[in-house]
Amino acid sequence: MRQSFHELALATRGRGLREFTADVERWIAENKFRDGLVTLHIQHTSASLLIQENADPDVRRDLDAFFARLVRDGDPLFRHTAEGDDDMAAHLRTALTAVSLSLPLHDGRLALGTWQGIYLWEHRTHPHTRRVTLHFIGE
Amino acid sequence: MRQSFHELALATRGRGLREFTADVERWIAENKFRDGLVTLHIQHTSASLLIQENADPDVRRDLDAFFARLVRDGDPLFRHTAEGDDDMAAHLRTALTAVSLSLPLHDGRLALGTWQGIYLWEHRTHPHTRRVTLHFIGE
Amino acid sequence: MRQSFHELALATRGRGLREFTADVERWIAENKFRDGLVTLHIQHTSASLLIQENADPDVRRDLDAFFARLVRDGDPLFRHTAEGDDDMAAHLRTALTAVSLSLPLHDGRLALGTWQGIYLWEHRTHPHTRRVTLHFIGE
């Protein structure tokens, strides 16, 4: 049994979903991990991790459009406004989704369904570089 | 230290919550797992995993009723409509809940509270068979 | 490779966010854990776990204010009302957030970002004592 750590720095172009399944799979392949548990953790409070459909791009567009309507930028309810209209909305969108994900790895393959991709969901309107910690335990 | 993988195929009767705690516990008992970490991952983007109250069935009914009002089937906001009115709503309901769960196992017992059960939440209106990957690491 | 279990009993003062990062870090330091995976699970269906900003207290206030508006206490939609107006709302707020979290531990430090803290989010209006199971696997 062994473990391994890695950190990804992922650039975003502002609000929206960016797939990075291939980055995780490359790390797995390079280290020849076979069977174990892969955990991802994003080190931010205004961006999140999501596993969602990677076929029709309209799904990502609709996800973002729905969340933009559910959590309004500049909602007068918010007091935390120093960093701009999208700041508190970004914290709430993060709270409603996930910051850590755990995925079994079996025979060198992540236990993802046919249509599942791993996404970084940027919730701020401006581009950022987001750090995601990867951890593997297994063999 | 050892690990083990298993896959459950769970039939749903359309939208709603189906408990499967007993399926997970049976797998644990049959393999005599004692202490470790159990991870569950659902391989779909329109059904999710939830730990919720397993006493009053009204809780499940209310969970589903609230989510049906929060995320409207056929919302004119949606562009991803090819598979029907409930399709994009199902993706959103999945994004708002969870696709993976990790539970400590101690002395052969899952660290569930008295009222906690493990549920598959079907978000499509029609019945489906859903695959859930189970992973154990421990001894 | 070794593992360890611990249970925290955390008192809340009613609805709101209580940080307990220091309790988790104390357990790690006392046991001299270096590298591995830390999993937290809350054994309740009306309180949840959240990783969020630990700088401006307005963020916690806004998180709670938004959720109180999104999920109304005493919503006439609810049938599960025996334990009071805040009961079903608490189940829904829990379903919308998380009951388990997994965090890599590297060189004795949790993979938390600069502004991330670990919170217990009490969703009931009255004070409770909440049990959180901690699990470590690694070395």
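How many salt bridges does the rule find across the interface of chain A and chain C? The rule finds one. The views below are taken from a predicted model.

**View 1. A salt bridge joins A:Asp75 and C:Arg69.** The side chains of these two residues meet at 2.5 Å, N to O. Polar contacts also cross the interface of chain A and chain C: the rule finds 14 such residue pairs, with both residues at pLDDT 80 or more.

**View 2. The side of chain A that touches chain C draws on several elements.** Strands β1 (2-11), β3 (36-42), β5 (100-106) and β8 (129-138) of chain A each give two or more residues, as does helix α3 (85-95). With five residues, α3(A) gives the most. By type, the residues on this side are 14 nonpolar, 13 polar and three charged.

**View 3. Chain A and chain C bury about 2,700 Å² between them.** Carbon and sulfur atoms account for 64% of that area. Three residues stand out on chain A: A:Phe5, A:Leu77 and A:Arg79. Together they supply 19% of the area that chain A buries against chain C, more than any other three residues. In terms of contact, 30 residues of chain A meet 35 residues of chain C.

**View 4. C:Phe66 and C:Phe67 form an edge-to-face aromatic pair.** Their rings lie 6.2 Å apart, centre to centre. The angle between the planes is 70°. Both residues are buried. Over all chains, the structure holds twelve aromatic pairs.

**View 5. Three aromatic residues of chain A form one cluster.** The members are A:Trp27, A:Phe33 and A:Phe136.

Key: Residues numbered from 1 in each chain as written. Chains lettered and ligands numbered in written order. Heavy atoms only, no water. Phe/Tyr/Trp six-rings, centres within 6.5 Å; stacked < 30°, edge-to-face > 60°. Buried < 20%, exposed > 50% of the residue type's maximum accessible area, 1.4 Å probe, protein only. Contact = heavy atoms within 4.5 Å. Buried area = accessible area lost by both parts, 1.4 Å probe. Salt bridge = Lys/Arg side-chain N within 4 Å of Asp/Glu carboxyl O. Polar contact = N/O pair within 3.5 Å; in protein donor to acceptor, adjacent residues only side chain to side chain. Helix = DSSP H or I, 4+ residues; strand = E, 2+ residues; numbered from the N terminus. Nonpolar A, V, L, I, M, F, W, Y, C, P; charged D, E, K, R; others polar.
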